[in-house]
Amino acid sequence: MKPFTPAYPKSDAIKGLRWLSKAKKYDACRGDTFSCTWADDDQLYTCADDTYGVNWAYKSNLACLRVEGMPPNHQIFNVNPMEAYFPFATREGQDTWKACSTLFVDGALYMSMSQHSWAGQYPDCIQRTYDSHIIKSTDYGKTWSPKRAIGNAMWPGPRFANPFFVQFGKAYAGAMDDYIYAVSNSATWNNGNYMILGRVLREKLGQLNTADWEYFGGTEADNDAKWITDLGKAVGIFKHRGRASMIGMQWVPALERFIMPQWAYMDLDRDDPWHETLLAIYEAPKPWGPWRHVHTEMNWGQAEYGPCLPAKWFEENGKRCWLVSSGDFTRQKENSPYSFTVQQLEWLV
């Protein structure tokens, strides 16, 4: 295992965390990238990539699922296999479509997505992402706005290549202002170098217009953000070379902090590069920082990745949370660990 040094100083606000349960797999749901959002019907909605759906109903590059109930007794249901984005492992252009994140706000469900290569195609085992965009549903994922054609992405190329919506409470309750925020790493699925932040006025999100977005351009006095329209001049909000993978962040009211559960593979030079995953959790008072380190799990699990903290499953406003993750993609068989995974934790403050 290679050594690890956190990217930022130790947190003064959060001492660490305590795991309250073992990881529990949902055996009937194969797939990954289960980024969850809490809708106004009191259900969680999530995307799923490289998925077999629930009970092996289909094989799809990406899909929309609904999660009902509370862990460990939650149930997952198929909503839409998203056939427009082709069956499992089928490419459009050079690569395959993958969903990044979901968001429910003002009566609509949104999903961000982009084109992905496969990490195994490259000697460095880093999966490239590009050509991202957002689609919209007004019927809880049953139907969606039209798919954008190759070459017509909202964010063409590698800039803002995998936007993850910053999450608040139910139907975006408790939001910090009138904007929707999204964070993207440096155009890779795994082991990237930095994160950048974009935002759009809440009332304009549904227009799906790139020109409505602006990007973090640094800070002024009192940690106030500067916003710019030139994506090429966006300033990184989080930097850690080789340890900044595709992920989002969640506001946790009990902590009065945004939590970013970062992950990366520990040693991509070994024969089995997915053998060990690092989980490194950071907190900040604003989506742009300043970031502080909370907890490191040096060997989180084989090929474990994609952590998120659904607000619906908070206890005492998030003093205790359930962490959702994606299991082990290297073992894609029935009763394998490649599935919707939950584990409960408690913050130490």
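Two strands are taken to pair where DSSP finds at least two bridges between them. The legends below describe a predicted model.

**View 1. Antiparallel pairing of strand 7 with strand 8 (residues 108–116).** Nine bridges join strand 7 and strand 8 in the antiparallel sense. Within this pairing, L103 stands opposite Y110 of strand 8.

**View 2. The open sheet of three strands, in the order 7-8-9.** The pairing in this sheet is antiparallel. Strand 7 (96–105) and strand 9 (129–137) each have a single partner strand and stand at the edges, so one side of each is left without a neighbour in the sheet. With direction ignored, neighbouring strands of the sheet are turned by 20 degrees against each other on average.

**View 3. The largest nonpolar core, comprising 95 residues.** The members that touch the most others are Y110, L197, W213, I237, W291, F340 and W347. Strand 18 (residues 277–284) provides the largest share of this core, with six residues. A second, separate core has 15 residues, among them Y45, Y85, L109 and M113.

**View 4. Surroundings of W347.** Leaving aside residues up to four places away in sequence, W347 touches I14, G16, L17, V252, L255, I259, I281, V294, L309, G318, K319 and C321.

**View 5. The largest pocket, with a volume of about 390 Å³.** The lining of the largest pocket consists of 21 residues, and D50, K98, S117, W118 and Q127 are those nearest its centre. Strand 4 (44–54) and strand 7 each contribute at least two residues to this lining.

Key. Residues numbered from 1 in each chain as written. Predicted model: local features only at pLDDT ≥ 70, side-chain atom pairs only at ≥ 80, totals over all residues. Heavy atoms only, no water. Core = buried A, V, L, I, M, F, W, Y, C linked by side-chain atoms within 4.5 Å. Buried < 20%, exposed > 50% of the residue type's maximum accessible area, 1.4 Å probe, protein only. Helix = DSSP H or I, 4+ residues; strand = E, 2+ residues; numbered from the N terminus. Contact = heavy atoms within 4.5 Å. Axes fitted to C-alpha atoms, helices over the stretch in contact; angles between N-to-C directions. 1 Å grid on protein atoms, 1.4 Å probe; cavity = no way out; pocket = protein on both sides within 12 Å on 5 of 7 lines; lining within 4 Å. Points joined across faces, edges and corners; volume = space filled by probe spheres on them.
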